[in-house]
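Look over the sequence and the structure below.

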Amino acid sequence: MFLPVTPVLTLAATLIIMLAANSQQNSNAPSTQTPPVVAPTPNASPTQTIAKQTSSAATAWKIDDTHSMGLFRVQHFGAGMFWGRFDGVTGTISTSGTPMETLALNVVIDTNSVSSANKDLDSHLRSPDFFSVKEFPEMSFVSTSSKKLEGNTWSVNGNLTMHGVTKPITVNMEMTGQSESARGNKIGFEAVFTIDRSEFGMTYGIEKNAIGKSVRIIVALEATSS
Amino acid sequence: MEMQILLFGIALPVIFGVAFSVWRVTRSREFGFGSFFGVAIASVLFISAISEDSLQNFTTLNRWLWFPCSILICGFITGIGDLFSRSFGARVFISCSSVILGVLFINIPGWENVTSRLLLGVATAVCSTLLFVVVRRRNCFSTIISLCFALIAPSVLAMLSGFAKLAIPIGAASCCLGFVSLVRLATQSNAPLNECVGFSGAVVIACIAALGAATGWSYDTSDIPVAAWLLASIAPLGLWLGELPTIHSRPTLSAWARILGCVILAASSIVITVFVLGSSAPQIVE
């Protein structure tokens with residue numbers, strides 16, 4: 001049977017070019033933030049499946065300063081609990097593993113964003129009696145290691161720098177949620193921990209028991225994958 | 001706060017006043033009290049300040065403590081200088097050099113630049129020389145009580161800006177002056193020039209006002225205007241009102257003018273601050 005050679009070659013060449021172009025496009029496409037779900041094959045052992053799942057690369061998240069905040073609670077004159085907050089929370093989070101195994105944080109808080117809903121009190125909190133914002137405009141937490149605990153919680157070791165003093169602390173972090181939306185992939189964490197502010201050179205009011213030494217801190221973070 | 005008020009507002013000034021009274025009664029003045037007055041006031045300020053904040057790591061952490069340290073440096077240099085110098089020119093040289101040296105050490109936010117610190121030092125040296133000249137002319141009850149009122153201004157401004165740790169030491173120095181003025185009033189005499197405030201006292205008081213205001217302004221995050229801090233820094237110079245040509249020849253009128261001059265400058269700075277901040281009264285917020 002006679003086949004017209006030119007049209008067949010043209011069609012074949014077109015198909016090859018299209019396939020090559022498609023292949024090139026796939027290789028240039030950015031990797032998706034959500035790691036691909038690895039379905040266990042009938043031949044694959046459970047160990048092999050886990051090995052495949054945990055080998056995925058780290059995901060970088062940028063802290064959304066609009067939806068993140070730091071709260072602190074301290075006792076006033078040995079009686080009531082006084083609450084204050086920081087709005088300027090920025091930084092990055094890095095997660096790795098599927099399901100998530102390790103957590104790395106670099107959180108920076110703008111001390112000038114301290115707020116207590118009282119103008120006079122805010123001035124006092126910004127003064128050298130407390131945060132000394134002119135001298136120390138930022139405080140930070142940089143993680144050094146993390147360990148997965150039960151459920152969605154991690155024990156994160158790191159260095160907290162506040163009032164010019166850096167101290168190692170351990171923070172328990174809970175992942176409050178993760179979602180995919182039109183605004184990107186989002187993840188939420190919450191950490192609750194307590195520090196002794198005198199260890200950071202912030203001693204005002206302790207001697208007179210006017211303001212407690214122990215400060216409970218709650219940091220709520222929402223981050224978007226970059 | 002109550003303990004600080006009792007200690008630095010009452011206890012230390014009382015001790016200071018008793019020491020002054022004992023000296024006046026015994027009259028054992030081989031050296032003029034003025035030589036030690038500055039050292040004593042500077043020491044009160046320093047003790048009060050370091051009780052508020054740890055001196056440990058103050059070069060990096062509690063940098064505001066450079067302020068009392070500088071005052072102590074000025075106090076000691078001018079105190080020793082007062083003992084060994086008698087001429088006016090020599091004393092001015094000692095005061096200016098000690099003030100500039102002391103200010104050069106101050107490394108607080110906004111004053112990291114050496115040139116700006118040098119300018120601050122020169123301005124403070126000018127204030128201290130002017131104060132020394134006016135104190136030298138009339139070293140009496142009205143001078144001491146005027147200086148007591150003058151130091152209230154930087155103390156109140158620091159308190160209004162939320163910097164209680166700075167307000168308390170300056171307030172303690174002011175209380176000491178107040179107590180000494182009462183002792184002086186109770187033991188009326190025509191004291192010699194080197195008695196009471198004297199050379200070192202004048203330099204230290206000028207430095208407390210000027211550098212205290214500069215420190216308060218540097219750390220201020222409220223909206224206190226610069227003009228208020230400036231008025232507070234020059235409040236001791238209100239003594240010059242009593243030296244106006246038509247007033248200075250009449251002692252009583254001159255005394256009242258001195259008090260009024262300091263009170264006007266101090267009160268102006270406080271009124272401006274209260275007006276701008278919208279506060280009704282100074283308050284300690286804890």
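Glu112(B) and Arg63(B) join their side chains in a salt bridge, with N and O 3.7 Å apart; a salt bridge is a side-chain nitrogen of Lys or Arg within 4 Å of a carboxyl oxygen of Asp or Glu. This pair links distant parts of the chain, 49 residues apart: Glu112(B) lies in the loop between α4 and α5 of chain B, and Arg63(B) in the loop between α2 and α3 of chain B. Helices (H or I, at least four residues) and strands (E, at least two) are DSSP runs, numbered from the N terminus.

The model is predicted: local features need pLDDT of at least 70, side-chain atom pairs count only at pLDDT 80 or more, and totals for chains, interfaces and linings use all residues. Residues are numbered from 1 along each chain as its sequence is written, chains are lettered from A and ligands numbered from 1 in the order in which they are written, and side-chain values use heavy atoms, with hydrogens and water left out.

**Salt bridges**

- Side chains of opposite charge can pair when their charged atoms come close.
- The count over all chains is 5 salt bridges.
- Arg63(B) also forms a salt bridge with Glu135(A), where the closest N and O atoms are 2.9 Å apart.
- That pair crosses between chains, and Glu135(A) sits in the loop between α3 (119-126) and β7 (138-148) of chain A.
- Arg63(B) counts as buried because its relative accessibility is 12%, whereas Glu112(B) is partly exposed at 41% (buried means under 20% relative accessible area, exposed over 50%, partly exposed in between, with a 1.4 Å probe and protein chains only).
- In chain A, Arg85(A) and Asp87(A) meet in a salt bridge of 2.7 Å, N to O.

**Cysteines**

- The count over all chains is 0 disulfides, a disulfide being a pair of cysteine sulfur atoms within 2.5 Å.
- The sulfur of Cys96(B) has its closest cysteine sulfur in Cys207(B), and at 9.9 Å this is too far for a bond.
- For Cys175(B), the closest cysteine sulfur is in Cys148(B), 6.9 Å away and so too far for a bond.

**Nonpolar patch**

- Leu104(B), Val114(B), Leu118(B), Val122(B), Val126(B) and Leu130(B) make a nonpolar surface patch of about 440 Å².
- Patches are made of residues with over 30% relative accessible area and no salt bridge, like charges being joined within 9 Å and nonpolar side chains (Val, Leu, Ile, Met, Phe, Trp, Tyr) within 5 Å.
- Helix α5 (residues 114-137) of chain B gives the largest share of the patch, 5 residues.
- Leu104(B) belongs to helix α4 (residues 88-105) of chain B.

Definitions and conventions:
Areas by Shrake-Rupley, 256 points an atom, 1.4 Å probe, with all protein chains shown as cover.
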